[in-house]
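Take a walk through this chain, one contact at a time. Keep the structure in view and find each residue as it comes up.

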Amino acid sequence: VCAENDQSVNAEWGCDGTEITGADATEIGTGSQNTVDILNDCSQTNIAAEICDDLSFNGYDDWFLPSIQELYVMLTELHGIGLGNFAADSYWSSSELNEFDALYITFVSGSANPGIKGSDYRVRAVRAF
């Protein structure tokens, strides 16, 4: 389940220059743990994972930053058929590549790319059900 709207239009992934132990999972079902790992190892505030974790919406407070594969499903299954209120822009995933880069998806081309963690991209929270 994804939130109906973006939680931010210009958030950093956070902790550029610091490798986050455990936040490198990419598969469906791993975004929640990636988010926990990011929050445990990154003290920077107002970052993508924190924005999702802090969300309380429609009676739920168990939101997280999606892994790259979870984000890809949002692209293909929602945005691909005109649902979800997604912008033609780039969205952060919770999947880290290394101490300087994390993965994001451009909702124009559908491509997954490495992005510098200090870059500003959109954030869309998800939750499991």
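Start with R122 and D6. Their side chains form a salt bridge in this predicted model. The closest N and O atoms are 2.6 Å apart. Now look at where the two partners sit. R122 belongs to strand β5, residues 121-123. D6 lies in the segment before β1, which spans residues 8-11. The partners are 116 residues apart, and the bridge links distant parts of the chain. R122 counts as buried because its relative accessible area is 16%, and the limit for buried is under 20%.

D6 has another partner. R124 also meets D6 in a salt bridge, with 2.8 Å from N to O. R124 lies in the segment after β5, and D6 lies in the segment before β1, so this pair ties together parts that are 118 residues apart in sequence. How accessible is R124? Its relative accessible area is 1%, so R124 is buried.

Why can such side chains pair at all? Side chains of opposite charge can do so when their charged atoms come close.

Move on to D62 and R127. Their side chains meet in a salt bridge too, at 2.7 Å from N to O. D62 is in the loop between α2 (48-53) and α3 (68-77), while R127 is in the segment after β5, so the pair ties together parts 65 residues apart in sequence. Are these two residues buried or exposed? D62 has 37% relative accessibility, so D62 counts as partly exposed. R127 has a relative accessible area of 12%, so R127 is buried. Some bridges share partners, and they join D6, D89, R122 and R124 into one network. The count for the structure comes to 5 salt bridges.

Two of these arginines also meet rings. R124 lies over the face of F86, at 4.1 Å from the ring centre. The charged end of R127 sits over the ring of Y60, 3.6 Å from its centre.

Next, find the cysteines. How many disulfides does the structure hold? It holds 1 disulfide. This link joins C15 to C42, and the S to S distance is 1.9 Å. The link of C15 and C42 is right-handed, with 100° about the S-S bond. C15 lies in the loop between β1 and α1 (31-41), and C42 lies in the loop between α1 and α2, so the pair ties together parts that are 27 residues apart in sequence. Both C15 and C42 are buried.

Burial is a separate matter. C2 counts as buried because its relative accessibility is 18%. C52 counts as buried because its relative accessibility is 0%.

Turn to strand β2, residues 90-96. How many of its residues are buried? The count is 7 of 7. Both faces of β2 are covered. On one side are S90, W92, S94 and E96, and on the other are Y91, S93 and S95. Strand β2 has a neighbour, β3, which spans residues 101-106. The two strands run antiparallel, and 4 bridges join them. A hairpin of 4 residues joins β2 to β3.

Now look at the nonpolar cores. The largest has 22 residues. W13, I20, I38, C42, L65, W92 and V123 have the most contacts inside it. At least two of the core's residues come from each of α2, β3 and β5. The largest share is from α2, with 4 residues.

Finish with the aromatic rings. The structure holds 7 aromatic pairs. One of them is Y91 with F107, a tilted pair. Their centres are 4.6 Å apart, with 55° between the planes. Y91 sits in strand β2, and F107 sits in the loop between β3 and β4 (112-116), 16 residues apart. Both Y91 and F107 are buried. Ring pairs link F86, Y91 and F107 into a cluster. Recall that R124 lies over the face of F86. R124 also pairs with D6 in a salt bridge.

Methods: Residues numbered from 1 in each chain as written. Predicted model: local features only at pLDDT ≥ 70, side-chain atom pairs only at ≥ 80, totals over all residues. Heavy atoms only, no water. Salt bridge = Lys/Arg side-chain N within 4 Å of Asp/Glu carboxyl O. Buried < 20%, exposed > 50% of the residue type's maximum accessible area, 1.4 Å probe, protein only. Disulfide = S-S within 2.5 Å. Pairing = 2+ DSSP bridges. Core = buried A, V, L, I, M, F, W, Y, C linked by side-chain atoms within 4.5 Å. Phe/Tyr/Trp six-rings, centres within 6.5 Å; stacked < 30°, edge-to-face > 60°. Lys NZ or Arg CZ within 6 Å of the ring centre and 35° of its normal.
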